[in-house]
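Here is a short report for a reader new to this structure. Look over the sequence and the fold before reading on.

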Amino acid sequence: FMGLLVRDYLLYPESVVAGLAVQGLSFPKGLVPWGPWALLFGLCGIAFVMMLTRPRARHRGLAALLCAGAVAVYVCDWVQPALSEHLSPRTPYLRYLRLATSEEPLASYRVSARLREAYERTPTRDFDLAADAVQYLDAKERRWLLLGPEAFSSLDRDFRKQTGRHLFVADARSGQLWLATSEAVRGEQDRNPLTARVLAVAPEPQNPVHAVFGHRTELLGYDLHLPGEDFVRAGQGFGITWYWRVLEPMPENYEVFVHIDGLGRRLHGDHAPVAGHYPTELWEPGDIIVDAQRLRVPAHLRPGNYSIYVGLFSGDERLKLVQGPDDGGNRARVGTLPVR
């Protein structure tokens with residue numbers, strides 16, 4: 001706390017004083033400039049006095065001071081800046097000011113008036129309908145859009161249906177607003193979580209499966225990423241990348257269940273596809289969904305070969321497996337996980 005207070009006061013003294021005033025706190029006149037320093041050095045002085053007067057506690061006191069200093073540096077220079085970027089709605093706006101030219105307009109999609117008022121240059125328009133936002137972005141010149149993370153997936157899908165490409169996300173650090181644009185920005189990283197996860201052309205999976213669920217989606221296959229050459233040990237982590245082809249629109253939101261069974265034990269891998277960024281209710285026919293997940297083998301799991309089963313479920317209902325290696329429970333047996 002003291003590290004934050006001192007650092008923020010040195011950089012933004014007016015903001016700190018104003019913030020304390022808002023909370024009903026105030027300092028006597030003339031004490032504010034020296035208050036944080038006095039408190040910090042006062043605490044350090046007390047610690048040093050204790051170290052001098054109590055020799056047995058000297059090493060513990062010095063260790064405590066070093067640890068406190070390390071924590072203060074970490075919080076001030078890493079935690080607080082990252083937290084500020086995540087909480088502030090101005091983070092994407094400042095990014096826009098740095099990357100855009102004066103001729104490139106900024107609009108917003110379903111952004112509250114309270115958030116828009118935080119900007120010096122108010123967005124030109126705020127769109128309520130996705131079709132209007134897509135029409136605005138689909139222009140010859142680059143255009144920019146502020147929108148909430150919860151509205152991004154569906155808008156990216158609509159933009160991709162009209163243009164054949166994903167939106168370019170220039171900033172996704174804020175938890176309230178993202179900054180998207182219609183064209184890639186040279187020298188900038190695309191932070192769109194769907195660019196590498198929703199494809200138009202299917203890659204060749206290491207392990208083909210071709211299991212069809214409900215005539216709506218096909219599991220083309222999967223890649224198994226093992227830490228060993230061809231096995232995983234108990235206590236180790238490993239990855240699976242699933243490749244789905246969408247055949248028809250999905251009637252509701254499904255999740256993927258993964259059962260890895262053997263020797264009377266089960267390793268669960270149930271999850272929302274694409275880490276929840278692209279729910280199945282948004283899947284469009286022709287989409288290739290690249291769904292990566294990480295799992296860890298429990299340390300108590302006995303060595304052996306474990307069967308991998310996969311399927312889709314919503315609530316207590318599983319989507320019917322109409323083609324592929326069915327075990328009788330609407331789950332496809334797709335391969336083996338060797339545990340050594």
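Accessible areas here come from the Shrake-Rupley method with a 1.4 Å probe. By that method, the accessible surface of the chain comes to about 18600 Å². Carbon and sulfur atoms hold 56% of that surface.

This is a predicted model. The chain averages a pLDDT of 84, and 74% of the residues score at least 70. Residues 9–33 have a pLDDT below 50. Beyond near neighbours in sequence, that stretch has 13 contacts in the model.

The chain has 340 residues, and 42% of them are buried. It contains 8 helices and 16 strands. Among contacts with a separation of 6 or more, 66% join residues 24 or more positions apart.

Five strands form an open sheet with mixed pairing, in the order β2-β1-β3-β5-β4. Strands β2 and β4 are the edge strands, and each pairs on one side only. In general, strands of a sheet pair through backbone hydrogen bonds, either parallel or antiparallel. Strands β1 and β2 run parallel, and 2 bridges join them. Ser108 stands opposite Asp126 in β2.

Which helix packs on the sheet? Helix α5 does, and it touches β1, β3, β4 and β5. The direction of α5 makes about 105° with that of β4.

| Strand | Residues |
|---|---|
| β1 | residues 106–109 |
| β2 | residues 126–127 |
| β3 | residues 144–147 |
| β4 | residues 168–171 |
| β5 | residues 178–181 |

Helix α5 itself covers residues 90–99.

Technical notes. Residues numbered from 1 in each chain as written. Predicted model: local features only at pLDDT ≥ 70, side-chain atom pairs only at ≥ 80, totals over all residues. Heavy atoms only, no water. Helix = DSSP H or I, 4+ residues; strand = E, 2+ residues; numbered from the N terminus. Buried < 20%, exposed > 50% of the residue type's maximum accessible area, 1.4 Å probe, protein only. Contact = heavy atoms within 4.5 Å. pLDDT = per-residue confidence, 0-100. Pairing = 2+ DSSP bridges. Axes fitted to C-alpha atoms, helices over the stretch in contact; angles between N-to-C directions.
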